[in-house]
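Welcome, and thanks for taking a look at this one with us. Here is a short briefing to read alongside the model, grouped by topic.

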Amino acid sequence: MDLVQQHTWGWFIAIYLFFGGLGGATMALGILGELRFKMGKWFGIGTAMLGLAILSFGLIWLVLDLIDPFRFLLAFWVKGIGHSWIARGMVIINGAYIFGVLYALAAFYGWETFKKWMGYLAMFCGFGVTTYTGLLLNANVGIPFWHTPALPVLFTVSAFSTGCALLMWVLAALKSHEADHYFHFIEGFDIFLISLELLVIFAYFDFARLGNAAVMKSAQLLLHNPMFTIGFLVMGLIMPLILEAYASTKEHSKGLAVFASLLVLVGGFLLRYLIVWAGVFQYPHGLAG
């Protein structure tokens, strides 16, 4: 039985997964702020466009990874949405663009009922983008460490945590009672998400302990890499959790929370890069270790 670390997917895919999830979460949380927290139409429009711009930046790296951009279209023509998560993802992403832009137009012209419907649909597609980034890796049955239900959950939780982190930067720059109120909501939500992410990580590695040889090899690669243990777990999860929890108990502590959110963003990228890096094939397939 041979165990081979994958080298097909690298930095470009990790960048795409990170910015895809960040863009979808930013759009969803930004529209939520406008629809439910009275942040005003310009906040809703601005964050929706910011999310789509981030998503577009991520897509550039996916196309670059394919070397020939026209291979991007083969996912639709050869396999179709019934068999390809790239094709399904493109449907979800196109939905995010369509409903995100329609929401922004409706908000600009004051079409309230239409704006709400488009806003909810854009939020749904934004959530779908965050989940899809995990499902894309999960579909690789040849790499058992990726082929687990915990991975899409982990990437979704992490994407919304990074979306909260980015919105804290935006909200910290705004001076209004509504912005302060939404900042503290986002701060509390991020504390919950980071706590949940730690639980999912624990469950993920508990699964790895019971998995086959390829799964255990991937887990060992991560646990022996300081970028994962110190860079992601300590600096990207535990430290921002402590800082945000402390900042939430103090007034005039936005600066501390904003610093913690920077660590969350760095940790979110490291998570995706290292999960991709630690993928291990097992040959022949199907033999348990």
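Helix α2 is built from 25 residues, and its first and last C-alpha atoms lie 37 Å apart, close to the 36 Å expected at 1.5 Å a residue. Please keep in mind that this is a predicted model.

- α2 spans residues 41–65, and the loop between α1 (11–36) and α2 holds Lys38.
- Lys38 is not a glycine, yet it has a positive phi of about 50°.
- Is Lys38 buried or exposed? With a relative accessible area of 70%, Lys38 is exposed, because exposed means over 50%.

- Which residues make the nonpolar surface patch of about 820 Å²? They are Trp42, Met49, Val101, Leu105, Phe108, Tyr109, Trp111 and Phe114.
- Two elements, α2 and α4 (85–109), each give two or more residues to this patch.
- The largest share comes from α4, with 4 residues.
- Phe114, one of the patch residues, sits in helix α5, which covers residues 112–138.
- The relative accessible area of Phe114 is 35%, so this residue counts as partly exposed.

- α10 covers residues 254–277, which makes 24 residues.
- From first C-alpha to last, α10 reaches 35 Å, close to the 34 Å expected at 1.5 Å a residue.
- Why can α10 be called largely enclosed by the rest of the structure? Because 17 of its 24 residues are buried.
- Ser261 is found in helix α10, and this serine counts as buried because its relative accessibility is 0%.
- Setting aside neighbours within four places in sequence, Ser261 is in contact with Ala165, Met168, Trp169 and Glu244.

Conventions. Residues numbered from 1 in each chain as written. Predicted model: local features only at pLDDT ≥ 70, side-chain atom pairs only at ≥ 80, totals over all residues. Heavy atoms only, no water. Expected span 1.5 Å × (residues − 1). Buried < 20%, exposed > 50% of the residue type's maximum accessible area, 1.4 Å probe, protein only. Contact = heavy atoms within 4.5 Å. Patch = residues over 30% accessible without salt bridge, like charges linked within 9 Å, V, L, I, M, F, W, Y side chains within 5 Å. Areas by Shrake-Rupley, 256 points an atom, 1.4 Å probe, with all protein chains shown as cover. Salt bridge = Lys/Arg side-chain N within 4 Å of Asp/Glu carboxyl O.
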